[in-house]
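Have a look at the model first, then read on.

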Amino acid sequence: MTGDLIRCGWRGMAGDPLYEAYHDTEWGVPEYDSRALWEKLVLDGFQAGLSWITILRKREAFREAFAGFDPEAVARFGEAERAALMANSGIVRSNAKIDAAIAGARIYLDMREAGEDFSQFLWSFTNGRVIQNRWEEIGQVPAQTRVAEEISKALKSKGFKFVGPVIVYAFMQATGFVNDHLTCCHRHEQVKRLAH
């Protein structure tokens, strides 16, 4: 019975099956796959100015529209694909965010071509380790950290857009660079055990 579980006190999550499932199975789980990390970074960029549940509800439409977030396919998107994305009501239609996603795919491939693995690049900022936090209340959880600022700066220097420190910290929380499940949350210890 998932209704009896104690969860992080995210606004709007209680009773929302999609949001609760995301919290209980995905959020905070360490992710090491480069493609999956890039997908999440793109989605977090689209979230800018919106709530995560908005993106979560549109995630499957995003995956379909962005060719399964295959960087090689997205990097080849031209004017026809851009126009189709802007006409797609299933996703967030923003010229700047769409352009950032396509450019980001090309940067991702450039990094790979240069022998730089996207996952290793990102995890290097935490020395490959999950930062284990012990927040007791939602108000203690920061919106950004020094490490998020460092990653943001490094991503911007490579040309990525929509990667400010607040977006990057949300990305770090979601992909398990930090364990920000509250100590009272049933997922805190579970996620802690998943860390390398």
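**Salt bridges and cysteines**

Aspartate 44 and lysine 40 join their side chains in a salt bridge, at 2.8 Å from N to O; the term covers a side-chain nitrogen of Lys or Arg within 4 Å of a carboxyl oxygen of Asp or Glu. This is a predicted model, where local features need pLDDT of at least 70, side-chain atom pairs count only at pLDDT 80 or more, and totals for chains, interfaces and linings use all residues. Residues are numbered from 1 along each chain as its sequence is written, and side-chain values use heavy atoms, leaving out hydrogens and water.

**Salt bridges**
- The whole structure holds 12 salt bridges.
- Aspartate 44 and lysine 40 sit 4 residues apart in helix 2 (residues 34-47), so about one helical turn separates them; helices are DSSP runs (H or I, at least four residues), numbered from the N terminus.
- Both aspartate 44 and lysine 40 are buried (under 20% relative accessible area; exposed is over 50%, partly exposed in between, with a 1.4 Å probe and protein chains only).
- In helix 8 (residues 146-158), arginine 146 and glutamate 150 are 4 residues apart, and their closest N and O atoms are 2.4 Å apart in a salt bridge.
- Arginine 146 is exposed at 54%, while glutamate 150 is partly exposed at 34%.
- A network of salt bridges links Arg35, Glu39, Glu60 and Arg63.

**Cysteines**
- The search finds 0 disulfides, meaning pairs of cysteine sulfur atoms within 2.5 Å.
- Cysteine 185 is buried at 5%, and its sulfur lies 3.8 Å from the closest cysteine sulfur, in cysteine 8, too far for a bond.

Note on methods: Helix = DSSP H or I, 4+ residues; strand = E, 2+ residues; numbered from the N terminus.
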